[in-house]
Amino acid sequence: MVTENMENKKSIKLRRNMACVKFTGMDKKGEHPREADSRNQEREKGRRQGTERQDVSRGCPGCRIPVERSEDDSEKHSFPSQKNLEKEISDYLTKKYGGKVKVISQMVFPKQVRPEDSEFPGNKSAKKGGCLCFDIMPEELEAYLHEYVVKQDAAKAVLATKICTHFKKIAYLEKKGKHRLPVGNIKNNIILIGPTGVGKTYLIKLIASKLGVPFVKGDATKFSETGYVGGDVEDLVRDLVKEADGDIEKAQYGIIYIDEIDKIASTQDLRGPDVSRAGVQRALLKPLEETDVDLKTPHDPISQLEAIEHFRKTGKRMQKTINTRNILFIVSGAFSGLAEIIRKRLSSQGIGFGADVEVKEDKEWLRHVKPQDLVEFGFENEFIGRLPVIAVLEELTEDDLFQILKNPKSPVIVSKKQDFRAYGIDLKFEEDALRLLASQAFQEKTGARALVSVIERALMPFEKKLPSSDIDYLVVTRQIIEDPEGELRKLLEEPDMPRRKNHYEAFLSQEKQQIIAGLSLEALPDWQEQGTELNDLRKELIAHLCLKDDLSLEEAAANVLFWIQQIKSYEASFYNRCEIEISFDDSAIDRILDACRLDPSTLYVHCERLSSILEYGLTLIREKTGQEHFNVPSEAVDNPELFINRLIRICYESEK
Ligand SMILES: Nc1ncnc2c1ncn2[C@@H]1O[C@H](COP(=O)(O)OP(=O)(O)OP(=O)(O)O)[C@@H](O)[C@H]1O
Ligand SMILES: [Mg+2]
């Protein structure tokens, strides 16, 4: 897009002894008429071709300091063109300092959009103009969960569907101008039932991050009827506001996750703690449905002071309450003993009778759970009535644990690699080692949680010793898991063993080939959307980044796409600078990418140098021939001087 920004701002960077001097100018009103005219034509042309130029933000490429434009200045003065300005400054500085100071035109880059920015396309729900915009469909959310979570298909389907519907319905009603849900509306609050470490919390965290809604987690065991030290259930609602950076509107569409909910179920024996457990359930009734929660707690002097300060500054009272009507509550627990209750019910109803009744596993029974079983378990009717959706998660098998370890998106392995990467050590895992780790973890009966502990147990000695050695890579083999201390000793005795190095390199190259083989445009919607070519070099670069920086495929692809956009943005900058259109061939872009693969920050230096050389030569040719558009092929990147000389020669020869 040709933006006002791009049309109006010009900046010049003066480099001397590393110092940067920034100039701004070329306001809309001060623009040279010929320049404005030709820009309009260009904009029109861009629109016709569907290739409007990129929005660019200003900044010094060396230090990347944004350049501010003074509105006042631009209104008062009419600025010369950038070229004249550069020339005037150059002449002045040459007079004053001789040839020591050089004026370099500012190049500009588009604003970098990172996945964590809330505007990133992954985060599809957002408050826009007071209305919740929500455009994720249940199947899309389910597919996203499949990428990260192993097994738990039933729970994924229920969660994806009900959570999407919850937000979609709110968005729909808001759009219709109905800012309240119908009287008697029942929210899709959810109960998750499953043993430890099978993905209950993980699923909800993934969903909250995908939807971009604030999320808080608390433990039911911390609550008491009258509130635990520092607060009560309502504290979680207040925490949601903190999570939403104080944005109450946003917090009203958050998710509150309460773990260990089974611990507040009372037993039949109504004495002692059971009485207060029932009390906690009752305390939860209102927030689960709809209530206004005061944001200022009377016992919190800081929030009281904040309110006074806010009133002093704005003269307005702070919004004091947050309503829970749109907040989604998800509770979870292991519910041990629940399977037995279901078995008894089904048996008494004559369902499931037969030879296999007694041998059925818990998970078989849990699948038939009904609200009445949860009441039998020790919950109040009213409490269960406010949690109408039930999802059951299965235990993970040894193979499931292996699949978790093999998944490149699994935080278990990624996080361990990062631990070592922090010391400059590249950590790789052989498949055989992963199998053994899964098998060891399975013995511990704590689901995927055990994976972390078995990995820690095996790698702790390496994590202690290797940082102070020269070793900068480690391939975790089955032998290392079986005998960590022995293998570490061998490694330290002979760190440069060629066999070890060869093994690592072969492993690295195999991993790279696997990543490349799995790369396709279909898997990269952003690339597809922008019509960016995905050739072998770019695939190789993406794979290189995945391995070098432990990035996910998406992150690495997003980085490469960003660099390509940066290079392309020079086309617009170049036009701004000398009113000559250039277009980089894909091969030229690839050459620049390749040259910068070890240090992407040099991309700007490359483009800057190339632009300066091209500017001089192409301006000359335009003056001679009137040509205003030039292709920049790979040879121009390889040797810009030679390329320009050749063009000039051809131009002069054709004149003769
Ligand atoms: N099904 C799964 N697929 C992939 N990774 C999983 C799965 N289950 C658990 N994990 C991994 O194990 C970690 C712990 O899982 P999580 O916190 O979801 O357990 P949980 O079911 O909430 O257990 P608890 O009842 O003890 O809180 C997750 O962060 C994730 O890395
Ligand atoms: Mg949990």
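Trainee: Where does lysine 445 lie?

Mentor: Lysine 445 sits in the loop between α18 (431–444) and α19. Keep in mind that this is a predicted model.

Trainee: Is lysine 445 buried or exposed?

Mentor: Exposed, with 12 other C-beta atoms within 10 Å. The cut-off for exposed is 12 or fewer, so lysine 445 falls in that class.

Trainee: What about the phi of lysine 445?

Mentor: Phi there is near 60°, a positive value in a residue other than glycine. Most residues other than glycine have a negative phi.

Trainee: Which other residue has a positive phi, near 55°?

Mentor: Aspartate 550, and that residue is not a glycine either. Aspartate 550 is in the loop between α24 (536–549) and α25 (553–578). With 19 other C-beta atoms within 10 Å, aspartate 550 is partly exposed.

Trainee: Back up a bit. How many helices and strands does the protein chain have?

Mentor: There are 29 helices and 16 strands. The chain has 656 residues, and 32% of them count as buried.

Trainee: And the contacts, what share join residues at least 24 apart?

Mentor: 75%, taken among contacts between residues at least 6 apart in sequence.

Trainee: Now the ligand. Which residues are closest to ligand 1?

Mentor: Gly199, Lys200, Thr201, Tyr202 and Ala448 are the closest of the 22 residues that surround ligand 1. By type, the shell divides into 10 nonpolar, 8 polar and 4 charged residues.

Trainee: Which elements give two or more residues to that shell around ligand 1?

Mentor: α7 (200–211) and α17 (411–421). α7 gives the most, with 3 residues. In terms of domains, the shell draws at least three residues from each of domain 2 (126–392) and domain 3 (398–517).

Trainee: Which loop holds glycine 197?

Mentor: The one between β6 (190–193) and α7. Glycine 197 is buried, with 21 other C-beta atoms within 10 Å.

Trainee: What does glycine 197 touch, not counting residues up to four places away in sequence?

Mentor: Thr446, Gly447, Ala448, Arg449 and Ala450. The C-alpha atoms of glycine 197 and glutamate 395 are separated by 8.5 Å, although the two residues are 198 apart along the chain.

Trainee: You mentioned α17. Which residues in α17 are buried?

Mentor: Ile413, Lys416 and Phe420. They cover an arc of only 65° around the axis, so they are on the same side of α17. An α-helix has 3.6 residues a turn, so residues three or four places apart point the same way.

Trainee: Next topic, the largest nonpolar core. Which members touch the most other members?

Mentor: Ile256, Leu401, Leu437 and Leu451, out of 101 residues in that core. Helix α6 (residues 153–175) supplies the largest share, 8 residues. The core lies between domain 2 (126–392) and domain 3 (398–517), because both give residues to it.

Trainee: What is isoleucine 256 in contact with, leaving aside its neighbours within four places in sequence?

Mentor: Val216, Leu236, Val237, Leu240, Ile327 and Phe329. Apart from this core lies another one, of 33 residues, among them Leu524, Cys546, Tyr575 and Ile589.

Trainee: Last one. Where is lysine 263 found?

Mentor: In the loop between β8 (255–259) and α10 (273–289). Lysine 263 counts as partly exposed, with 16 C-beta neighbours inside 10 Å. Leaving aside neighbours within four places in sequence, lysine 263 is in contact with Ala220, Thr221 and Gly333.

Definitions and conventions:
Residues numbered from 1 in each chain as written. Chains lettered and ligands numbered in written order. Predicted model: local features only at pLDDT ≥ 70, side-chain atom pairs only at ≥ 80, totals over all residues. Core = buried A, V, L, I, M, F, W, Y, C linked by C-beta atoms within 7 Å. Buried ≥ 20, exposed ≤ 12 C-beta atoms within 10 Å, placed from the backbone. Helix = DSSP H or I, 4+ residues; strand = E, 2+ residues; numbered from the N terminus. Domains from an automatic or database assignment. Contact = placed C-beta atoms within 7 Å. Near = placed C-beta within 6 Å. Nonpolar A, V, L, I, M, F, W, Y, C, P; charged D, E, K, R; others polar. Arc of directions from axis to C-beta.
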